[in-house]
Amino acid sequence: MNRIIVLIIGVFFYQNSFSQDNSIYRKLSPAEYRNDLSILTTSLKESLMELYMYQDSVTFEKKINDLNSRTDSITIKDFYTEIKKLFAPIGSDHLKVFFQKEVESDNVKAKPIFPLEVRFLNEKVYCFYNYQDNDIENGDQIISVNGNKMTDAVHTILGLTNSGGFIQDSKNWIFESLGFLEKYYLFIDTSQTFNVEYIKKGENNIKTISLKGKKREELEKESNSSKYYTFHNNNFPNPYGLKIENGVAILNIEQFYENISEKKFNEFYEKSFKEIESQHVKYLIIDVRRNMGGWQRHGYNLMEYFIPKEFSPIESVWFKSNSFSFLKYTNMTKKDLNLNKLEKSGRFYKQKCFNWLTESTFKPKEKYFYTGKVFVLTNEGTSSAACFFTNAINTFNDSVVFVGRESEAVSAGASSGFMPILTLPNSKLNIRLALAYFIAVSKPNLPYGRGLIPDFIIEKDLSGEDKETDFTMKLINQERKK
């Protein structure tokens, strides 16, 4: 969750050594993929605290044994798919398998893919945005593509998608922008032309049309200019921004970026709350709907402007081990991980370099402290450090109102911090591991393995409109009438 010390340096560490054949359809012998699987399994058992939190060890071991018992060769693409199946039920949102950059560029990003952005609502698939000029429009139901039922395709892809804990709705984040289209190509259909069965909005008859695929770079150009693309960023083109209108302030925090200094964030916060105070703003909306995380402290520093009491947000940080046999396959060393600072504490280990967080106390600001009503917008795009941020608000200020949908990762605890990239020697697949497990101070009796669940849940639709902000403005207008 927290990326305080995200040492993902040299992500493509082995990339240059893998130039002879980067096809995802290159076959691995049983000995090759078993070797990769052994390294991966050992790595997970040594490092990942969540490994058996949300599934039992018997289920996990059976999947490993089934893969090991295969006697046939397997393509890199199919091995990638098997790893996705293995990872999905683990419930660690930072755990990830991905192709090396050059492999992805040649095998996925350069290929024509399905040219319709879709949404999955009430067990039906709908066109959300058409990147071509043809008869299919927003709201038309997509029945099948090249004979593949779209509802079945969606369930297949969701079953291969990571999320934190037991959270399921957050998997629908893959439908934002072009993520689903790439996964459709990888897991369902590599065709470059698509025979589509669809039903026009408001009609009953099934129609057919043939579409040609488009390359991702072509889709991205139009996607970035589309009115549907990250709607609230149209008002906030920068990583963070403040907008005050009709007595309501909207503070957008796109990410708690690690590469933006604490000083710059704090300067922005002070300037924003000074302006909020000068305009006597009584209602503040904090928007973290696309905040995928970053440095936790950025979020806690913001909270000092509206949390009325001292707070210590992180209870502890744990490691499973003080040594990791898989480091030789990663972009990290013992020195990077400060392994000499790991100390035994019961079953696990603690690291002194996190004391600044676990022993930190944040205090209300004396200057420009905000006493008005606070609303927080959250959804599936709220992840990592942003989840700890919303959890801390929920824990230390009962008056804040949350609007939107459940966050992407478990609020009360998750693995993150040091995140080495493990490169499997035969398949050359990259595995992002998360070694440190952060336990947040939380309200008692939170649903186990769940993210922050808003006070008001706003269901998705096909309008592409900012329903969360609209709903929050209605709440504010109701407050004003009291």
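1. E123 is placed in the loop between β4 (116-121) and β5 (124-130); helices (H or I, at least four residues) and strands (E, at least two) are DSSP runs, numbered from the N terminus. Most residues other than glycine have a negative phi. E123, which is not a glycine, has a positive phi of about 65 degrees. Its relative accessible area is 48%, so E123 is classed as partly exposed; buried means under 20% relative accessible area, exposed over 50%, and partly exposed in between (1.4 Å probe, protein chains only).

2. The model is predicted: local features need pLDDT of at least 70, side-chain atom pairs count only at pLDDT 80 or more, and totals for chains, interfaces and linings use all residues. Residues are numbered from 1 along each chain as its sequence is written, and side-chain values use heavy atoms, with hydrogens and water left out.

3. A positive phi also occurs at K428, a residue other than glycine, where the value is near 65 degrees. K428 belongs to the loop between β19 (421-423) and β20 (430-432). With a relative accessible area of 16%, K428 is buried.

4. R432 is located in strand β20. This residue is buried, its relative accessible area being 17%. From R432 to V58 the C-alpha separation is 24 Å in space, and the two residues are 374 residues apart in sequence.

5. Which residues of helix α5 (residues 150-158) are buried? They are M150, A153, V154, I157 and L158. Viewed down the axis of α5, these buried residues fall within an arc of 130 degrees, so they line one face of the helix; the arc is that of the directions from the helix axis to the C-beta atoms. The buried residues of α5 pack against β4, β5, β6 (141-145), β7 (148-149) and α6 (179-187), where contact means heavy atoms within 4.5 Å.

6. Helix α6 is largely enclosed by the rest of the structure, because 7 of its 9 residues are buried. The buried residues of α6 are F180, L181, E182, Y184, Y185, L186 and F187.

7. Helix α9 (residues 296-303) is mostly covered, with 7 of its 8 residues buried. Those residues of α9 are Q296, H298, G299, Y300, N301, L302 and M303. The next two points describe the packing of α9 against α12 and against α8.

8. Two packed helices are described by the angle between their axes and the distance between the axes. For α9 and helix α12 (residues 385-396), the angle is about 25 degrees and the axes are 8 Å apart; axes are lines fitted to C-alpha atoms, for helices over the stretch in contact, and angles run from 0 to 180 degrees between N-to-C directions. The two helices are therefore roughly parallel to each other (angles under 35 degrees count as roughly parallel, over 145 as roughly antiparallel, 65 to 115 as roughly perpendicular and the rest as oblique). Their crossing is right-handed, meaning that the near helix is turned clockwise from the far one by less than a right angle. Q296, G299, Y300, L302 and M303 of α9 make the contact with A385, F388, F389, A392 and I393 of α12. These residues comprise 8 nonpolar, 2 polar and no charged; Ala, Val, Leu, Ile, Met, Phe, Trp, Tyr, Cys and Pro count as nonpolar, Asp, Glu, Lys and Arg as charged, and the others, Gly among them, as polar.

9. Helix α8 (residues 262-278) packs with α9 at an angle of about 25 degrees, the axes lying 10 Å apart. That angle makes α8 roughly parallel to α9. The crossing of α8 and α9 is right-handed. Contributing to the contact are E262, F265, N266, Y269 and F273 of α8, together with R297, H298, G299, N301 and L302 of α9. By class, the residues of this contact are 4 nonpolar, 4 polar and 2 charged.

10. Not counting residues up to four places away in sequence, S43 touches L48, F326, L422 and L433.

11. E479 forms part of helix α13 (residues 467-481) and, at 27% relative accessibility, counts as partly exposed. Leaving aside neighbours within four places in sequence, E479 contacts Y283 and K373. The C-alpha atoms of E479 and L211 are separated by 50 Å, the residues being 268 residues apart along the chain.
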